[in-house]
Amino acid sequence: MDGDGDGSSVGTDEDASERSATGGRPTRRQLLATVGAGSIVGFAGCAADYARSIPDCGRATADAAGPTVPRPVDDDVSMFRRGLRRYGYYPEETVPDDVTVNWEFPVNRISHTAAKSTPRPTPDGETILIASDTGRIHAVTPDGERRWLLETAAGTSLGFHGTPAIVGDTAYIGGYDGALYAVDIDAGELLWRTSTRDFDGSIAIGSSPAYIDGTLYVMAEYSDPDSGALWEVDAATGNPTWHDDDIWGMPHPSPAIDCDAGRLVSGSNDGVVYAWEFPSLERAWTFQADVDAGPNLDEEADGPFSLGAQIKGTIPVYDGAAFAGSWDGHFYRLDLEDGSEEWSFETGEIVMSNPAIDPEAGIVYVGSADHHVYALEADTGEELWAANVGGSVIGSITATAETILVGSYDTHLYALDRDTGERRWRVENRGHVTSGAIPRDGRIYYAERGAFSGYYDDEKTVLEAPGHAYCLVADE
């Protein structure tokens, strides 16, 4: 049990052990212990870590399936970016030559610019779950017929921006109220919701859960000071079983896991990529983006990090490497073993999209705020092509055997030829298209941010039109 609530225990043997494991820096909970009980009312009480059950990586290794099969290989598991390695790759799906909107309905109404939740089909494809920034979860059939609508407590904050992880008939998703939710998909009912106390006062969970062998992994965000933690959670009960709170910025990316390499990786607003050994969860290494610019110091946390180098995009893991975009304008390939930089590609503008990887061709696709999508050789970083999509790319890129799907701030969803980057088609929408586009059985599902006026000015922000969820089909 984390005994920081009284703010009186500093310098114990346990604390010394943690400082040793984290390079001599105090963890977030040690920091909070130094500021006094009166300053940490939001963190009153303590979070109990229940006994760990070490996940079995047996069904998520290369021996279990070929490189194009998502991990885990269980037929009843579906998650953000299509698996633990977060490839965003759908080689068996075909994108039509021309498309039309089959159905749409409003879901998003909040001006917060974080990428919107990606619609997630259940493994059987019979239900599409769409989480909204209003705290509602919509369940519809592929034809757009409503199955149910669930109102949640996340509607009191900024709702949902992460994407559900689906395991059998249960969906797991974190909210901007700092809670993790488990939902019965058949009934449309809440199974459990963690409390603020469970996650030590978390204010938000913007990441999408990773699931393996009965266990969930999520990144939680904190304020006063800004910081984060990686949490391991029992999927059946919602009980936390382990956490590491030695993260110096708010973490938005979703955890990626490579069982072959024995690594779990994620990033944070401090410009750092964090890696843990998996499944032991010992800290393996950290990589600091924008090191040439020199560190900025958070006066409260006394921790060095680059404020202009935020790592906001989910980091796919492939070929013994992690691929991370940074607000310093670079896209990095990092060695999974030790975190060393193998190459970097400069776009000149913020890189915060969720990249896609074709593991058969060895190509990574990434978007930038410079209005371009880039196709890069995964082993060298060599640019194969660049395509202008008219606006910033901050959401998820999807790769199929022939097509790249990407949403843009110019309000369009684009389909690009995978080999050349040439535009196949684009569909105009209302707001910024920042969710991923998911191809399934001849349909393409995605969502957008609402259309707002005054957001980037000194004027009052006004919702001009809610953001919709869409389904595209072939235009015959």
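A: Asp319 counts as partly exposed, because its relative accessibility is 44% (buried means under 20% relative accessible area, exposed over 50%, partly exposed in between, with a 1.4 Å probe and protein chains only). Keep in mind that this is a predicted model, where local features need pLDDT of at least 70 and side-chain atom pairs count only at pLDDT 80 or more, while totals for chains, interfaces and linings use all residues. Residues are numbered from 1 along each chain as its sequence is written, and side-chain values use heavy atoms, with hydrogens and water left out.

Asp319 meets Arg333 in a salt bridge, 3.2 Å from N to O (that is, a side-chain nitrogen of Lys or Arg within 4 Å of a carboxyl oxygen of Asp or Glu). Asp319 sits in the loop between strand S22 (317-318) and strand S23 (321-325), and Arg333 in strand S24 (residues 330-335), so the bridge ties together parts 14 residues apart in sequence. Strands are DSSP runs of E, at least two residues, numbered from the N terminus. Arg333 is buried, at 6% relative accessibility.

Next, Asp258 and Arg85 pair up at 3.1 Å, N to O. Asp258 is in strand S16 (residues 256-258) and Arg85 in the loop between S1 and S2, 173 residues apart. Asp258 is buried at 2%, and Arg85 is buried at 9%.

Glu92 is partly exposed, at 44% relative accessibility. In total, the count is 18 salt bridges.

Methods
Helices (H or I, at least four residues) and strands (E, at least two) are DSSP runs, numbered from the N terminus.
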